Amino acid sequence: MKFFLDTANLSELKQGAAWGVVDGVTTNPTLIAREGVPMEQQIRDICNIVDGPVSAEVVSTDVEGIVREGTALAAIHPNIVVKAPMTRNGIAAASIMSRKGIRVNVTLCFTVGQALLAAKAGAWCVSPFVGRLDDLGDSGMDLIRDICLVYKNYGFPTQVLAASLRSPLHVVEAAKAGAHIATMPFKVLDALFNHPLTDKGLDQFLKDYAKAFPGESSARQSGSQ
Ligand code: G3P
């Protein structure tokens with residue numbers, strides 16, 4: 001499973017990249033607006049931090065506008081994936097851009113039928129929003145499972161990018177459901193590290209070693225040996 005960070009914040013991306021576990025990035029107009037830097041500049045900076053697919057979303061809603069904007073976004077960097085909305089115009093534009101060799105992420109997907117349309121349009125990936133369905137009392141994870149099954153049945157190459165993930169459990173459940181990619185906010189990636197027994201165990205190991213070899217362990221930590 002690939003891990004993407006769902007953020008446009010450069011410090012979060014730098015930290016994720018330093019851990020060596022971030023395969024790509026997803027952004028949306030809300031996330032870009034939060035950083036206060038116009039789309040093109042922010043996307044360029046993101047591409048300089050993470051070496052992997054970076055989703056940049058169009059804000060046009062007509063076919064011609066989506067294609068024009070998407071083509072310009074794709075020209076910023078070879079890693080750009082153009083995010084287009086799951087609308088009639090978005091799907092028409094996704095078909096055009098996919099045929100031109102531009103990778104498209106069809107976003108705001110909430111049904112298997114919509115995911116089928118994204119695959120038919122030749123999308124590189126589809127983004128079903130797990131958390132937003134859960135918010136309505138529906139099951140976001142059932143949607144991920146069903147899309148993976150249907151895509152497998154027909155050998156569609158479109159990847160399932162589980163989006164709107166809100167917790168480490170969401171990430172694990174998306175992996176079990178077969179999603180190719182999980183995109184998550186930084187705080188969810190950070191939370192994946194945590195377990196009290198890891199902290200407790202490490203604390204004990206270090207204490208035991210330091211007790212047995214008092215001088216050596218502090219010298220090792222300072223890098224002098
Ligand atoms: O980037 C789209 C998606 O991941 C948004 O998540 O938490 O706003 O539903 P959320």
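A: Helices (H or I, at least four residues) and strands (E, at least two) are DSSP runs, numbered from the N terminus. V63 is found in helix 4, residues 63-74. The model is predicted: local features need pLDDT of at least 70, side-chain atom pairs count only at pLDDT 80 or more, and totals for chains, interfaces and linings use all residues. Residues are numbered from 1 along each chain as its sequence is written, and side-chain values use heavy atoms, with hydrogens and water left out.

Q: Why does V63 count as partly exposed?
A: Buried means under 20% relative accessible area, exposed over 50%, and partly exposed in between (1.4 Å probe, protein chains only). V63 has 25% relative accessibility and therefore counts as partly exposed.

Q: With which residues is V63 in contact, leaving aside neighbours within four places in sequence?
A: Contact means heavy atoms within 4.5 Å. On that basis V63 is in contact with N89, A92, A93 and I96. The C-alpha atoms of V63 and N89 are separated by 5.0 Å, although the two residues are 26 apart along the chain.

Q: What makes S127 a buried residue?
A: S127 has a relative accessibility of 1%, so it counts as buried. S127 belongs to strand 6, residues 125-128. Not counting residues up to four places away in sequence, S127 touches N105, V106, T107, L108, C109, L161 and A163.

Q: What is the phi of L108, which is not a glycine?
A: L108 has a positive phi of about 65 degrees. Most residues other than glycine have a negative phi.

Q: Which value describes the phi of S164, and where does S164 lie?
A: Phi of S164 is near 55 degrees, a positive value in a residue other than glycine. S164 lies in the loop between strand 7 and helix 9. S164 has a relative accessible area of 12%, so it is buried.

Q: Why is V130 called buried?
A: Because its relative accessible area is 1%, V130 is buried. V130 is found in helix 7, residues 130-135. Leaving aside neighbours within four places in sequence, V130 is in contact with G140, M141, I144, A163, S164, L165 and H170.

Q: How do you know that the span of helix 8 agrees with its number of residues?
A: The expected span is 1.5 Å times one less than the number of residues. Helix 8, residues 140-154, has 15 residues and should therefore span 21 Å; its end C-alpha atoms are 22 Å apart, which agrees. Just after helix 8, G155 takes a positive phi of about 65 degrees.

Q: Which residues of helix 8 are buried, and against what do they pack?
A: In helix 8, G140, M141, L143, I144, I147, C148, V150 and Y151 are buried. The buried residues of helix 8 pack against strand 5 (104-109), helix 6 (112-120), strand 6, helix 7, strand 7 (159-162) and helix 9 (168-177).

Q: What makes V172 partly exposed?
A: V172 has a relative accessible area of 40% and is therefore partly exposed. V172 lies in helix 9.
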